[in-house]
Amino acid sequence: MAYKYNGKLKGELDPWQQPDAFNDEAPTANPPRHPSHPTRPNVPHIPNIHWDARHGQWIVRAREGNKSTFSRMFPADQYEAAIQCRITVLGPIPEPRPTERPNVPHVPGVMWNKNQRAWVVRIKIRGQRIYLGSFAPNDYDNAVKAVQGARAKHFPNGHVTQLKPCGTHAAYQRHVNRGEPICGPCRRAEHEYVETHRKRNAA
Ligand SMILES: [Zn+2]
C-alpha cells in the first residue's frame, strides 16, 4: 500500500516534507531538513502548537492519552493560521501558568520555587537542612503549618533561627532570595565579601 501524507504521495513531496513512514529504504542518519526553516521561528509558545523542525512546519495537535485526536500542519510562515485553527478546534488559549510568587507574607523556611511553581518547605536542624515537602501555590497555609509544626517538634523551647543582621553576606543573600531591594549596609558588606573571596582565590 502506498503511503500518503497530507493527501500526497512520496513523489509529490519535497524530501524535507517526507515523514518517517516513507523512509522504507535504508534510514538516513541525518534526515533532510527544510532548506529555509531549520529552526523554530521565534514566536511565543502556545499549548498544542508544536514546531516540527524536521519538516519546517507547525503542527496543531490534540491528544487523548496516547491517542492523537487532531493533527493539522501549517507552513512555517503561517503561525497565525495555526493559532486560529488551534482556537477553533480546541477553544481559547489557556492563560500561561504564573510563576510569580503569590503575594503572601514571608515565613522563614517557606520558599517559593518558581520552576516548580510550589512552596518548598525546609527547616534547619543543627545546621542540617531537612526537606519537609512541597505545597501547591494555593496551599500556602499548609506550608506554613508544616514549618511551624516541625519547629514546634524540634525546638519545643521556642528556639528561633537567628537571622544574620543587615550588613552581612547572609543578609544580602536574604534580600536577593526574597526579591527585596538591597540596603546600603548589605551592599557594602557584599562588596567586601566578594573582594575578600577574589583576593583569596587569586592568592
Ligand atoms: Zn540589608
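The model is predicted; local features need pLDDT of at least 70, side-chain atom pairs count only at pLDDT 80 or more, and totals for chains, interfaces and linings use all residues. Residues are numbered from 1 along each chain as its sequence is written.

The protein chain contains four helices and six strands. Helices (H or I, at least four residues) and strands (E, at least two) are DSSP runs, numbered from the N terminus. From that terminus on, the order of elements is β-β-β-α-β-β-β-α-α-α.

Strands are taken to pair if DSSP finds at least two bridges between them. Strand β1 (residues 49–52) runs antiparallel to β2, and four bridges join them. In this pair, tryptophan 51 stands opposite tryptophan 58 of β2. The hairpin of β1 and β2 has four residues between the strands, and glycine 56 takes a positive phi near 60° there.

Strand β2 (residues 57–64) also pairs with strand β3 (residues 67–75), in the antiparallel sense and over eight bridges. Tryptophan 58 stands opposite phenylalanine 74 in β3, while arginine 63 has serine 68 of β3 as its bridge partner. Two residues lie between the strands in the hairpin of β2 and β3, where glycine 65 takes a positive phi near 60°.

Of the 203 residues in the protein chain, 11% are buried (20 or more other C-beta atoms within 10 Å of the residue's own, with C-beta atoms placed from the backbone). Among contacts (C-beta atoms, placed from the backbone, within 7 Å) between residues at least 6 apart in sequence, 28% join residues at least 24 apart.

Conventions:
A residue is buried if 20 or more other C-beta atoms lie within 10 Å of its own, exposed if 12 or fewer, and partly exposed in between; C-beta atoms are placed from the backbone. Two residues are in contact if their C-beta atoms, placed from the backbone, lie within 7 Å.
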